[in-house]
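Reader: I am new to this structure. Please take a close look at one part of it, the nonpolar core, and tell me what surrounds that topic.

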Amino acid sequence: MMSWWRTGSALIAFCWCLSISVQSQAQETAKPAKDPSQEVLAVINGQPLTQIHYDQFIEQYSPQVRDMAQQDKGRFMRELVLQELLAQEGKRQQLDQDPDMQIRLRMQMNNLIARAVVQKSVEEKSGITDEKLKAHYEANKSDYQEGENVTASHILVKTEPEAKALLEELKGGKDFAELAKEKSTGPSAPQGGSLGSFGRGRMVPDFEKVAFSLKAGEVSPPVKTRFGWHVIKVTEHTEGKQQDFEQAKDEIRKALVSDYIQSMIQGLQDKAAIEIKNSDYQFDQSQ
């Protein structure tokens, strides 16, 4: 349930991982005369498989399996060769020209390009330096508490008027959990809106900021996120101890990169001509 809030978008899940590596990577050194990634490892019916083909093939696996692939290269090369043979046979049968396959290929290509443009933008334009991370930490120290947790529930609806109406019902004595079961559009509705206990960095920023500002028993005013409008109730708030900068650094980087990418995406969306033809798929283009 926690991951639903943080991974509503594949790009955001990607950017959290990217945020650590992007800012810590060393400056590029001059390339050697011969790029090792271009070494031809095998040729299959005239088609070369290079080191970069092998490296990208094993990227799909977990870190543990990738380690195995460096120790037992022959085993994984066989899998890569078989994939190439099957792909060549599929092309011979012109399966790559099938309309459904064309759509799938387009979606996969779009995903790769979207990830690449995010990475390039973060690396070249975000301006997220250690100095900026330190300044953010000094200005927001109270946000970085080690071990701080809240136990919360929420009701998710589409509009602000709906959220305000929920507050009126709660003021009138309506039970929060029952109201969540009746009216929440979120996946936690059957559980009375319960999100369980969570620490910082598990929810989208706007939701998290409000949830961690509440005391046990308090209910929030309407909170807007990209998912809609929330009314949040905190039933337990456990305070933590202050993290120092080094402890908080990665969390700050993730948050700043996430904010930067959200802003970048919103900018693209604001400039785009987007027309949703089917009202069932309509969404709020302001977020």
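Author: Of the 14 residues that make up the largest nonpolar core, Val122, Leu133, Tyr137, Ile252 and Ile261 touch the most other members. Such a core is a set of buried Ala, Val, Leu, Ile, Met, Phe, Trp, Tyr and Cys residues joined through side-chain atoms within 4.5 Å. Buried means under 20% relative accessible area, exposed over 50%, and partly exposed in between, with a 1.4 Å probe and protein chains only. At least two residues of this core come from each of helix H6 (99-125), helix H7 (130-139) and helix H11 (245-271). Helices (H or I, at least four residues) and strands (E, at least two) are DSSP runs, numbered from the N terminus. H11 gives the largest share of the core, eight residues. Another core lies apart from it, with 13 residues, including Ala152, Phe198, Met203 and Val234. In soluble globular proteins, nonpolar side chains tend to be buried together.

The model is predicted: local features need pLDDT of at least 70, side-chain atom pairs count only at pLDDT 80 or more, and totals for chains, interfaces and linings use all residues. Residues are numbered from 1 along each chain as its sequence is written, and side-chain values use heavy atoms, with hydrogens and water left out.

Ala42 stands opposite Leu49 in E2. Two residues lie between the strands of this hairpin of E1 and E2, where Asn45 takes a positive phi near 50°.

Notes
Pairing = 2+ DSSP bridges.
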